[in-house]
There are 4 protein chains.
Amino acid sequence: MALRVTVWNEFIHERRDKEVRAVYPDGIHAALAGFLVEDGFSVRLASLEQPEHGLSEEILAQTDVLLWWSHIAHHLVSDVVAERIERRVLSGMGFIALHSSQKAKVFRRLLGASCGLKWRESGERERIWAVEPSHPICRGVPESFELPHEEMYGEPFAIPAPDEVLFLSWFPGGEVFRSGCTFTRGLGKIFYFQPGHESFPTYYDPIVQRIISNAVCWAAPSGGPKPTFGNYEKEKA
Amino acid sequence: MALRVTVWNEFIHERRDKEVRAVYPDGIHAALAGFLVEDGFSVRLASLEQPEHGLSEEILAQTDVLLWWSHIAHHLVSDVVAERIERRVLSGMGFIALHSSQKAKVFRRLLGASCGLKWRESGERERIWAVEPSHPICRGVPESFELPHEEMYGEPFAIPAPDEVLFLSWFPGGEVFRSGCTFTRGLGKIFYFQPGHESFPTYYDPIVQRIISNAVCWAAPSGGPKPTFGNYEKEKA
Amino acid sequence: MALRVTVWNEFIHERRDKEVRAVYPDGIHAALAGFLVEDGFSVRLASLEQPEHGLSEEILAQTDVLLWWSHIAHHLVSDVVAERIERRVLSGMGFIALHSSQKAKVFRRLLGASCGLKWRESGERERIWAVEPSHPICRGVPESFELPHEEMYGEPFAIPAPDEVLFLSWFPGGEVFRSGCTFTRGLGKIFYFQPGHESFPTYYDPIVQRIISNAVCWAAPSGGPKPTFGNYEKEKA
Amino acid sequence: MALRVTVWNEFIHERRDKEVRAVYPDGIHAALAGFLVEDGFSVRLASLEQPEHGLSEEILAQTDVLLWWSHIAHHLVSDVVAERIERRVLSGMGFIALHSSQKAKVFRRLLGASCGLKWRESGERERIWAVEPSHPICRGVPESFELPHEEMYGEPFAIPAPDEVLFLSWFPGGEVFRSGCTFTRGLGKIFYFQPGHESFPTYYDPIVQRIISNAVCWAAPSGGPKPTFGNYEKEKA
């Protein structure tokens, strides 16, 4: 059965800003869904303005991997929904946080850190190096590749030491960034991937698409044991 | 200058329960403070019933390392104080979570996980193995040692993969546990150490004391750079 | 195309010792091959007494994952073949080291450590806990399971901190062990799994078989980029 | 008692090449020793052309931390001495590998990897970012700093995933590098630090000196337990 992917987008820039709309006419989530469908995943869209932000218990229960893009509306995501997502990740749903989603409520709660970083919105060139070539997320990805225009994100990146650092990015202004990182929380696998500013066509780049598709496969629930907790005597009885 | 340590205890069992009081007449925090003072640290006590739980902004600002023991009153710690501690850890204060404090608000927020585990309150024997002997927290600690009576804590322990697993524990019922783990969040170093049930004299054990003293030294602020975040152009100007 | 697995065994105990032969009449490698074939892998056998130990350049070039079992003949493996295997691992072949193979030349060279441990050949009970349930090697594996008779392997285990510790084992004598560990070297993924003493029918246990099959899938080459090294100017020209 | 540091240098460039000698008239080892003595360490020099390369059993036994600089003569270090150093590291001596020493026999044996990388000898600018500011090696180090002229070293760097990545470097040509990494092997702590090409005055830079001094403190033997290995029954008897 195809992996079930839900792509969530705050979907604000694309409606407010003509330039962004020119790049992503149906929203960043639609662009992401486009190649994910082609890659054979079963894809659902969701966004902020929907009831429960489109992320009801039922929908989350039917989601293997949740992709997340947010930027200016982190605070508009309700605590109830944020907690719901967090619980689903801990019980096994994969979570892929894209670009500015490093400040999303769910991501910060799962990481337990401020996720601060440096940024510069200058549309400069970004060069991305694959530094763990044996990782499944690097399948079919070149040793390095370039995006002609991206937002600069620079170190220090205030995250806990990732389980794995897969990509390191270079920017012309003298900055570097851990642009592809994995984490595990409970049964859930988490991937953060930095490229994807709303005004650049990053999600149409075939290598970026490849990385995100690979990450969906990697982040899917493993089918491992569901741990049992609590008073052990009672459970044995 | 001596490292400044604040020892926090919910301090409930010792007052409610004669048996616990027999072991820790002045509270677990007083027992911890006892050997820490002998080891040359500057120690302050704090507990739940004090105003702001004894953890005002001012006191936290003067604390290099905070020790934490809580069990039945995690939920009584105010969100304001929990957030305050969390912020202090991210900006460099060390945090040592003892025993049942794996369910403390602050610890769970910093780890981003449920911190579930198995337990059995049977006073059985615990054998603790040092598995990273080169770590400064293992200084002067034997390869393995035993506590005659402890609460069993068993895997799976629902924590993120620790930066370092220093101790593994064995229990007679067939359980194992990652009983000494380090984490980093922001500038703050965190150590979790499992032994220390309230009804057993664990904190009088000289090896346990040694480990906790070592951990205070290890968790003290490093004097590294304070990262700057945000719009980088502006900051350079 | 099916993953190509080569199962290597020193194949000495089974021929010298009637009791071992009773358990593994055709050798441990044949027992391993048995369930791997059923799981759909393309399996080849190799052993010490063959020319080049059955591991010619050609055979290694056609091997996606190499399983290794050795115990009393580590030193009889030629340096030439050991180096050849090491090179193949660095260039992407998966390597699964079973039981006493933690002292195999190849494993020690790849890990850069002595791989010392404690042992006791007493056929006692081993209880194995899955502590990273989200890992693909844990797919279909219970939270814990028991082997009625195994050789005790105890900490400290003198390995570098593994990339991931998947299994922790408990033994009745008071010992614990990191019994399932992953490492990466170059493009090669490495899994060490402790159970499998020659005189016990461990490799007929369906959970053990499941873990090893999962590990083969996990350790297969990822299809990531082949890094280029050296004078970079020249390479660009 | 002061930590006992031995600084080893192949000491070839400085004698063959006038330009290098102009920078390091008494050798790179002497320049390193200079600031280490000022920082209060007890320092000894050693180099390739000495009997046993200046690294007899006796001298190594009296060394807490060994600094290593080699470049064109890795293969001239005898296997006997390389093995001797390796054994000392496994039993607790700290090891700091500088610059091109990533290809030193000892370093590669301890890491179990090829340690390949990209390089360009162009004297270009290097910018170094501290990405784990809470680490003791970052004490007193700024968030980032620049070296006006260094050799470019670029990813992928074929090392095992480090225990900790402390520094990331940026080069003008579009390359990034994990320029400060820690590893543990046995009881020994290892730090790799990339800057230090022989023709640039890198080791006179006060921040570089600070990092190396910090690393010596960090890498010193911890005083932890010496593990016991082997047949455990016998040892208990």
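The exercises below work through a predicted model, from one chain to its contacts with others.

Local features are given at pLDDT of at least 70, side-chain atom pairs count only at pLDDT 80 or more, and totals for chains, interfaces and linings use all residues. Residues are numbered from 1 along each chain as its sequence is written, while chains are lettered from A and ligands numbered from 1 in the order in which they are written.

**Exercise 1. Chain A as a whole**

Determine whether the radius of gyration of chain A agrees with that of a compact globule.

Step 1. The radius is taken over C-alpha atoms, and the globule rule is 2.2 Å times the number of residues to the power 0.38.
Step 2. For 237 residues the rule gives a value near 18 Å; chain A has 18 Å, so the two agree.
Step 3. Along the principal axes, the C-alpha atoms of chain A fill a box of roughly 65 × 40 × 35 Å.
Step 4. In chain A, 57% of the 237 residues count as buried (20 or more other C-beta atoms within 10 Å of the residue's own; 12 or fewer is exposed, in between is partly exposed; C-beta atoms are placed from the backbone).
Step 5. Eight helices and 10 strands make up the count for chain A (DSSP runs numbered from the N terminus, helices being H or I with at least four residues and strands E with at least two).

**Exercise 2. Chains A and B**

Step 1. Contact links 28 residues of chain B with 28 residues of chain A (C-beta atoms, placed from the backbone, within 7 Å).
Step 2. Strand E10 (residues 230-231) of chain A runs parallel to E5(B), joined by two bridges (strands pair if DSSP finds at least two bridges between them), and Gly230(A) stands opposite Lys118(B).

**Exercise 3. Strand E9 of chain C**

Step 1. Six of the six residues of E9(C) (188-193) are buried.
Step 2. Gly188(C), Ile190(C) and Tyr192(C) point one way, whereas Lys189(C), Phe191(C) and Phe193(C) point the other way.
Step 3. Two residues lie between the strands of the E8(C) and E9(C) hairpin, in which Gly186(C) takes a positive phi near 60 degrees.

**Exercise 4. Helices and a strand residue of chain D**

Check the span of H7(D), then locate what packs on H3(D) and Thr6(D).

Step 1. The expected span of a helix is 1.5 Å times one less than its number of residues.
Step 2. The 14 residues of H7(D) should therefore span 20 Å, and the end C-alpha atoms are 20 Å apart, in agreement.
Step 3. Among the buried residues of H7(D) are Val208(D), Ile211(D) and Trp218(D); their cover includes E1, H3, E3, strand E4 (94-98) and strand E9 (188-193) of chain D.
Step 4. In H3(D) (residues 28-38), Ile28(D), His29(D), Ala31(D), Leu32(D), Ala33(D) and Leu36(D) are buried.
Step 5. These residues of H3(D) pack against E1 (4-9), H1 (13-16), E2 (42-47), E3 (65-69) and H7 (206-219) of chain D.
Step 6. Just after H3(D), Gly40(D) takes a positive phi of about 95 degrees.
Step 7. Thr6(D), in strand E1, is buried because 23 other C-beta atoms lie within 10 Å.
Step 8. Beyond its neighbours within four places in sequence, Thr6(D) contacts Arg44(D), Ala46(D), Ile59(D), Thr63(D) and Leu66(D).

Terms used: Contact = placed C-beta atoms within 7 Å.
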